[in-house]
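Okay, thanks for having me. Let me put the model up, and then I'll walk you through it.

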Amino acid sequence: MHLVRTFTLLPALALAALSAAANPYPSKPITIVVGSSAGSTTDGLARAIGQEITVETKIPVIVDNKPGASGGIAAQAAARAPADGYTIFITTNTTQAANPHLFRKLGYDPVKDFAPVGALVKGWLLLVTNPSVKAQNVTELAALAKKQPLTFGAGSSSARVASELFQQMTHTQLTYVPYKANPQAIIELVGGQTDMMIVDLTTSLPQVKAGKLKVLGISSPKRSALVPDVPTIAEAGLPGYEISYWNAVYAPVGTPAPVVQRINELMQKALATENVRRFVEQNGMEPFTSTPAELATFQAAEYKRWGSVIKTAGIQPE
């Protein structure tokens with residue numbers, strides 16, 4: 001009786017500590033929600049990381065693909081999951097920085113509904129044109145756009161906003177042609193239905209290597225090892241131009257801080273493995289890790305930046 005009485009008088013924090021010790025995280029399968037279909041870069045990254053977490057913890061990791069509504073379906077599902085660390089969200093700047101400015105109504109709040117866990121990677125975009133476009137560099141392209149109408153395709157918020165930023169910085173006006181996905185937009189760019197795109201490197205590079213598209217620059221602050229001969233857009237004639245897409249990890253708001261920290265540690269360990277490093281490099285990305293607090297600060301800055309470009313472009317929320 002004495003032992004039972006002593007236990008019942010323990011403060012709540014001590015009880016929580018005992019519970020955590022009895023059930024260390026993770027102790028059951030983890031689900032990673034992804035807002036794109038199987039085979040996408042984000043899906044591949046989630047699967048590569050999940051595999052390494054399983055190796056580290058011996059706990060199964062399941063990737064749950066929920067494409068649609070520019071990642072909004074997945075974001076809503078992840079936000080409504082139990083805040084216990086067993087459902088986490090690997091997502092992009094689309095859901096956490098762009099969507100609030102592109103949609104009148106969202107089924108989630110990118111800040112209030114999530115606990116930031118940590119950044120993962122950054123990726124860069126190539127400025128590509130149909131070979132028939134008579135411009136050999138960024139300066140010539142901007143000059144051409146001022147003389148004749150040019151069109152650009154985009155099948156993602158990153159591709160759309162990257163081209164809008166290009167217009168704003170070059171004081172040009174291009175005609176936007178929307179697509180459901182970037183691969184479809186690339187096909188029509190190759191076919192000459194549009195003139196140019198600024199699109200993720202992995203989607204466009206195969207067509208560049210095949211000689212079906214002309215590349216004028218990359219959106220990174222320095223040249224990429226995957227395309228060392230391609231200048232940055234900034235050095236090719238547009239100083240200050242830089243834009244990236246990024247992946248980060250979030251948990252439902254209310255997830256205990258020790259669990260958030262443990263997920264962050266597992267993610268960083270996974271990113272340091274050879275398999276994940278190879279996947280990141282082959283897809284033209286680079287590691288971009290952070291603490292939960294640093295991700296919150298970064299997301300706030302990105303939210304403001306993407307919102308500014310979208311507002312200046314006069315894009316009306318759908």
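So, which residues lie nearest the centre of the largest pocket? They're Thr94, Gly155, Ser156, Ser157 and Asn182, out of 43 residues in the lining. Before I go on: this is a predicted model, where local features need pLDDT of at least 70, side-chain atom pairs count only at pLDDT 80 or more, and totals for chains, interfaces and linings use all residues. Residues are numbered from 1 along each chain as its sequence is written, and side-chain values use heavy atoms, with hydrogens and water left out.

By pocket I mean, on a 1 Å grid over the protein atoms alone, an open set of points where a 1.4 Å probe fits, with protein on both sides within 12 Å along at least five of seven lines; a lining residue has an atom within 4 Å of a point. The space in the largest one is about 1,200 Å³, taken as what probe spheres set on the points fill, with points joined across faces, edges and corners. Its lining splits into 14 nonpolar, 25 polar and four charged residues, and Gly goes with the polar ones here. Helix α5 gives the largest share, five residues. Other elements giving two or more include α7 (157-170), α8 (182-190) and strand β10. Helices here are DSSP runs of H or I, at least four residues, and strands are runs of E, at least two, numbered from the N terminus.

Now, β10 also sits in the sheet. That's an open one of six strands, ordered β2-β1-β3-β10-β4-β11, with mixed pairing; two strands pair if DSSP finds at least two bridges between them. β2 (61-65) and β11 (285-287) are at the edges with a single partner strand each, so one side of each has no neighbour in the sheet.

β10 (residues 245-252) runs antiparallel to β4 (residues 114-123), with eight bridges, and antiparallel to β3 (residues 87-92), with four.
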